[in-house]
Amino acid sequence: MDVRLKRAYEPPERSDGYRVLIDRLWPRGVSKENAHVDEWTRELAPSTELRRWFGHDPAKFDEFGRRYRAELAEHDQKLRELRRRAREGTLTLVYGARDTEHNDAVVLADLLRRGRRRRDLG
């Protein structure tokens, strides 16, 4: 399974495969033409409440991941679709956050790679 992560501000490459923007808001300063995303899955983004609570604070990342995985449990069909794409070729999750280690894409990529398990739900 090939799941990759890439900031929306990095240039797209042919090796990215299927590019999915996973943020609720479109990244500032990035045109839709230059983003080259194949799909925008806003429904997989963390809720506004969770995003605001987290505030990109690395100290809250573990709890953010737990809460975000619980939210993602409501989107099992979409997660199965993304896993299928990752098994068939490269899937690149595109995100806008500056912090490349503490963001929703990191949590989602891990969930896709491992599959859904009971402990992922809380």
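## Close-up views of a predicted model

**View A. Leu 5 touches Thr 92, Leu 93, Tyr 95, Ala 105, Val 106 and Ala 109, leaving out residues up to four places away in sequence.** This is a predicted model, and that goes for every view here. Leu 5 sits in strand S1, which covers residues 2-7.

**View B. Helices H4 and H5 pack against each other at an angle of about 75 degrees.** Two numbers describe a pair of packed helices: the angle between the axes and the distance between them. Here H4 spans residues 76-88, H5 spans residues 104-114, and their axes are 10 Å apart. The angle makes H4 roughly perpendicular to H5. Which residues make the contact? On the H4 side they are Leu 79, Leu 82 and Arg 83, and on the H5 side Leu 108, Leu 111 and Leu 112. Sorted by class, that gives 5 nonpolar, no polar and 1 charged.

**View C. Thr 41 and Lys 78 are in contact.** Thr 41 belongs to the loop that runs between strand S3 (39-40) and helix H2 (48-54), while Lys 78 is part of helix H4. Is Thr 41 buried or exposed? With 1% relative accessibility, Thr 41 counts as buried. Setting aside residues up to four places away in sequence, Thr 41 touches Val 20, Leu 21 and Ile 22 as well as Lys 78. Lys 78 is also buried, at a relative accessible area of 13%; the cut-off for that label is under 20%. Beyond its neighbours within four places in sequence, Lys 78 is in contact with Glu 39, Thr 41, Glu 43 and Leu 44. Two of these contacts are with glutamates, Glu 39 and Glu 43.

**View D. The largest pocket has a volume of about 560 Å³.** Rolling a probe the size of a water molecule over the atoms shows where empty space is left. How many residues line the pocket? The lining has 21 residues, and those nearest the centre are Asp 23, Arg 51, His 56, Gly 96 and Ala 97. By class, the lining splits into 9 nonpolar, 4 polar and 8 charged residues.

**View E. His 36 and His 56 each have a positive phi, of about 50 degrees for His 36 and about 55 degrees for His 56.** Most residues other than glycine have a negative phi, so these two are worth a look. His 36 is in the loop between helix H1 (32-35) and S3, and His 56 is in the loop between H2 and H3. His 36 is partly exposed at 48% relative accessibility, and His 56 is partly exposed at 43%.

**View F. Asp 57 and Asp 99 have C-alpha atoms 9.7 Å apart.** In sequence, 42 residues separate Asp 57 from Asp 99. Asp 57 lies in the loop between H2 and helix H3 (61-72). Is Asp 57 buried or partly exposed? The relative accessible area of Asp 57 is 30%, which means partly exposed.

Note on methods. Residues numbered from 1 in each chain as written. Predicted model: local features only at pLDDT ≥ 70, side-chain atom pairs only at ≥ 80, totals over all residues. Heavy atoms only, no water. Axes fitted to C-alpha atoms, helices over the stretch in contact; angles between N-to-C directions. Helix = DSSP H or I, 4+ residues; strand = E, 2+ residues; numbered from the N terminus. Parallel < 35°, antiparallel > 145°, perpendicular 65-115°, else oblique. Contact = heavy atoms within 4.5 Å. Nonpolar A, V, L, I, M, F, W, Y, C, P; charged D, E, K, R; others polar. Buried < 20%, exposed > 50% of the residue type's maximum accessible area, 1.4 Å probe, protein only. 1 Å grid on protein atoms, 1.4 Å probe; cavity = no way out; pocket = protein on both sides within 12 Å on 5 of 7 lines; lining within 4 Å. Points joined across faces, edges and corners; volume = space filled by probe spheres on them.
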